[in-house]
Structures are given as structure tokens and as C-alpha cells.
Amino acid sequence: MMSIKNYILSVLLFFCIKSFSQEKAMMQSRIDSFEIVPNTLEKQEEYRRLLETDASLFGWIYYYRKKSHFYLSQRAYDSVLHYTQKGIERYHLTEAIPPLQESQMKNVYLYRGMVFTETRKFKQSTDALLKAIAISKKYPDRHKTSNPYIYSYLASNYLKMGDKKKALQYRLLIAKDSVFMAKPSEAAPTYNHLGELYKGFGNSDSALYYYRKSIENRLKYGHYTGIRAAYNNIGDVYRNQGNVDSTLYYYTKSKEMLDEHPENNMLESKYFTLSNYSYVLLKRGKIKESIKRLETILDSITLIEKIDDDVKSLNIQTLDYLIEAYSENKEFKKALKIAEQKSKLLEKYHQQVLDEKLRELDIAYETKEKEESIKQLEAETEEQQTIIKQRNIITLGLFGLLVLTVGVGVLIFRQRKLQNKYKTANLEQRLLRSQLNPHFVFNALNTVSNLVSKNSENTLTYIAKLSSLIRLILKNSREEFISLEDELRSIEDYLELQSNFSQKFRYTITVADTIDVEDVCVPPMFIQPFVENSIEHGLKGVKDGLIEVNIQMNDDRKLVECTITDNGIGILKASEFKNVNKPESFSGKIIKERLQIYSKSLRKKASFSIKEVTDGTGTEVNMLLPYLLED
């Protein structure tokens, strides 16, 4: 009798399980075929109610993807980050996730990367976008239309982070997508970006090719602002080549396009065109008209408070044109005043970039603190639940948890302390490097002032070369480490400039054969201040001056050794002849502080020493610098 009852119960249980499985399969099939279209809050809610009927159903990642896309269209970035994070958490917690759901993660990571780019968190954006690419490679036939946008944001990120090669790599991938490039509105900006990158690499032929491709596509849909900008870009390429006729031709075409379509122009793009046309007038001998136009443009653009890359470029270009125009008109004092204005603008931009980096660090630190607090609260909640369920081993469990918590806490504290120490040292280095730039510019402007007061014919040439050198030094000073090749190039440019215009002297730069200047990276702006002191003080009054810069590797101390020697009047006499009316040099103090920071952060004894040559005819500076090897 019992056997019959058991048999009946087994049969009933089997059919119940089968019925439940069939019902679940039908619900999953319904969810898989459900599309949240249009993507409204009502449709999202309907889909969510279906998912909540059974916790084991798949579909949450698709739900979070659509929520993220909805808020992305509203520019509600906090909500986008919230729902993409929910999707990522669900993805990592789900075992044996179906391909249909896993492929949704491509766009989840894309949306997250887009928000990070818009909020200038380029490293976090790049991490998210690379994960999107990984999903794309796993499911190459799904969501293919989003690939160009992933590549575009990656290219933009790498460009902002200073890696032009990777930026070019991803722009070329976009150009290979025939479906995407078949749309002129997508192809035109892609070609323009390629032109900009090749112009930056100095590849004029490729730059011109892609700019013309951009114009060809913009003509198809009447995007005159873009065409006008492309004419300016082509003119820039020819100006860099020294081809004046072609430069003036394309700058004029840009102005004609502005006159024909005045309603289709953006503020900065418009002023680029007007500034370049003022250059055309200058080259055609209409100097006074050119000056008047440039002064008007300068008055307009100086009202823009925030200086981004485009505004900075527009200011610098207009100021350069104005310096040239004043110099052509023999108004050298006005040219000098504009050069000083340009120097202050670059300092302001550099300080603005530094302030933005500081704010990013503060925000990142606060965000990390909040995340750690949330994780700690979740861990404590889980711990309490474990204690309730496992009363038999509560004492042993608490003891083990306590030991683990203390150990992890100590490790987190030490790690955070090291990270904060590194951030502080890095910021101190940037602040100290930013102080050296005005010091260099101050001395350079003294030379310009002397040339102007003498009505020297070399004034314009000196200002032009000085402008290029300042751009190079500012570019180098933004990096914590640069290649030894770049550092020595800026030193050689500075020596050449000073020897030709400040005072006559000879110089040599010698690098040991064992050093690969491309692979060895050193901190910038260490050698230049000492070279500057040799010129300004050591060689003062010396007819046949000589400065020797010698670079070799100090293998015992794992440092780069740099020796700067001059045949000048020596330390003692230099101090006697030093003009008391000049501001006191503080570059030595700054360098000493920077070396102390590197010594602490890298645990290498970086240092410098200054001594007089044995026979009293000259000074020798010996400097030991930390270095890194390029990967």
C-alpha cells in the first residue's frame, strides 16, 4: 500500500516539476522576444515586472542597458553610471550567462565610457571601452553599428592623454568600416580627425589628403562650417611648409565661405577664419588693416573665461600674427608687449590645467572613500547574518574575522598612504616645474627687451624662435618624465638661440655611447636652469665662451649623471658682478626641492653640486638625475 502511495506522489511531483519548468521556459522565451521599444519608462517598467516573476530568469542586463541609454539621452550622467554599474554587478554575479544577455554588456560598457569621457575621466573611460571591445570580439555579429563609436571615444581619450599613435590607430579602424563611412555626415569628421593627427605627426601629404576627403563629404550635405574649418587646416599645413601662396589661397577661401554662409558658423571657428584672413592682409602689405582686425579679434576672444585647447590655439595664433604685424610696422615695443601677453596666457592655461587635475584628484579621492564606506557597510551586514546562522562557531568565526579585518585594514591603510604620498609628490613636482617656466620666460623677455631697445633687426627672428622654444618647454614641463632625446633637443634649441642673439659663445653636447636617448626618460627642466646660469652669469664678459654638457650613466648609483662646465669667470667673481637690481634667482632652490621629492618617491639619491674649476676659470655643475626606461 505504501509503495503505491509513494509511486503516486512521485508521479505527481514529476508532473509538477515538469509543469513549472515548462512555465519558466515559456516566460524566458517571452522575455527574450520582448523589446523595450520605444525606450520609455513605461516600457521599461513592463519589462521589469516580467523579470520579477522569477529570480532565476535572464534579462536584467538588457534592462539595465536600456535604462542607461534612456538617461544618457537625457544627459543624466549620474543615473547612467548607476545603471551601468548595476548591469556590471549582475554580469559578474550571473553564472552560465546566455550569449544574448552577455552581448548586451558591449553597450553597457560603451555608455559608461561615454559618460566618463564627457566628465573628463579619460582613464576610466578607456578601461570601460576596452572591455566593450573584448565583448565585441567575443560576439562579432552583435551590435556591430556601435563599433565606430567605441573606436571614436577611444581615439579621443588617447589623444587627451597624449598618446597620438593609439589615437591614430583607432581613427584608421573607423575609416575601414565601409558601412559607417558610407554616410557623409560620419565620414567627414572622421577624415578631419585623421588630417589633424597626420598634421601633428608632420605628415603633410596624408594630412592634406584627409582634409580634402573631409571637404568632399561635407559638400554632400552642405556642412559649410566644417568646409571652412578644413580650408583653414589646409592653409595651416601649407604655412608650416613655408608655401605662402597656397597658404593665402586657402585662408582666403575660408573667408569667402564665411561671407557666403554667415549663418552657419560657430564662434571659435569664425574667429579662426577672421584671424587667418588678417594674416592674408599682412602678407599682402595691408599691415595697418591687419593690425586693426587682429586687435578687434583679440578683444573679442579675451572675454572667453575658460581656456580650452581650441581657445588657447586661437589666442596663440592671433597673438603670433599680431607680433609679426607690429614688427613689420617697426612697432617693436608693442610687439614685446604682445609677447608678454602671450607668455601670461600660456601660464594661465598651464595653471588652469593643473587646477583641473587637482580637482579630478580630489573628486577621485572622495569617490573612493564613499565606495570603501559602502563596501564596509555591506561586509558588516553580511558578517551579522553569518553570525546568526552559525551560532555553534561564533567565537571562532569572530576571532578569525577580527584577525582578517585588522590585517586587511592595515594593508588598505598602508596602500592608501603610499598612494597619497605619490599623488602629493607628483603634484609638488608639477607646481615646482610650473614655477621654473616664468623664471625662464623672465630672462628670455629681458633679452627681447635689450634687442628692442637697440632696434635690432634680429628682434623678429628671436621672438619667433623664442615662441617655438617656449611651446616645447611648456609641453615638456607638463610631463613627469620625458625622453632624454626631447630634453636635450630643448637644451640645444635654447643654446642655439642664446648663442646667436644674447651673446656669442660655443657649446657642445656629448652623450655616452651606452645611453639610448629614446629609451631613457628623465624629469624635465633640470638641465636648462644651470645652462641658463652659465650664460647669464658665468660667461658674462667672456669673449671666447664655451659651455660643455656631458651626459653619462652612473651605474653604481643607478642614475643619469650630467656635467655642465663653462670657461667663465667662476662662482666668486660671478657673485661679485651680479647686478643687485635684478630679482634674486630662485631656480637653484626649486631644483633642490624637486630632487628631494624624487629622492623620497623613487628611493634614489638624486643630487647636484656646483664647484669652481681648479684654475679659477669657469664653473662645473655635476647633477645626478633619476631615470626610467621606456617600455
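Trainee: Why is E485 called partly exposed?

Mentor: Buried means under 20% relative accessible area, exposed means over 50%, and partly exposed lies in between (1.4 Å probe, protein chains only). E485 has a relative accessible area of 31%, so it is partly exposed. R489, at 38%, is therefore partly exposed as well. Please note that this is a predicted model, in which local features need pLDDT of at least 70 and side-chain atom pairs count only at pLDDT 80 or more, while totals for chains, interfaces and linings use all residues. Residues are numbered from 1 along each chain as its sequence is written, and side-chain values use heavy atoms, with hydrogens and water left out.

Trainee: What makes the contact between E485 and R489 a salt bridge?

Mentor: The term requires a side-chain nitrogen of Lys or Arg within 4 Å of a carboxyl oxygen of Asp or Glu. The closest N and O atoms of E485 and R489 are 4.0 Å apart, and the pair forms a salt bridge. Both belong to helix α21 (residues 484-501), and because they are 4 residues apart, about one helical turn separates them. Helices are DSSP runs (H or I, at least four residues), as are strands (E, at least two), numbered from the N terminus.

Trainee: Which side chain meets that of K283 in a salt bridge?

Mentor: It is the side chain of E324, at 2.9 Å from N to O. This pair links distant parts of the chain, with E324 in helix α17 (residues 309-328) and K283 in helix α15 (residues 267-283), 41 residues apart.

Trainee: Is E324 buried or exposed?

Mentor: E324 has 19% relative accessibility, so it counts as buried. K283, by contrast, has 37% and is therefore partly exposed.

Trainee: How do you know that D236 is buried?

Mentor: Its relative accessibility is 13%, so D236 counts as buried. Its salt-bridge partner is R239, at 4.0 Å from N to O. R239 has 31% relative accessibility and so counts as partly exposed.

Trainee: How many salt bridges does a search of the whole structure find?

Mentor: The search finds 17.
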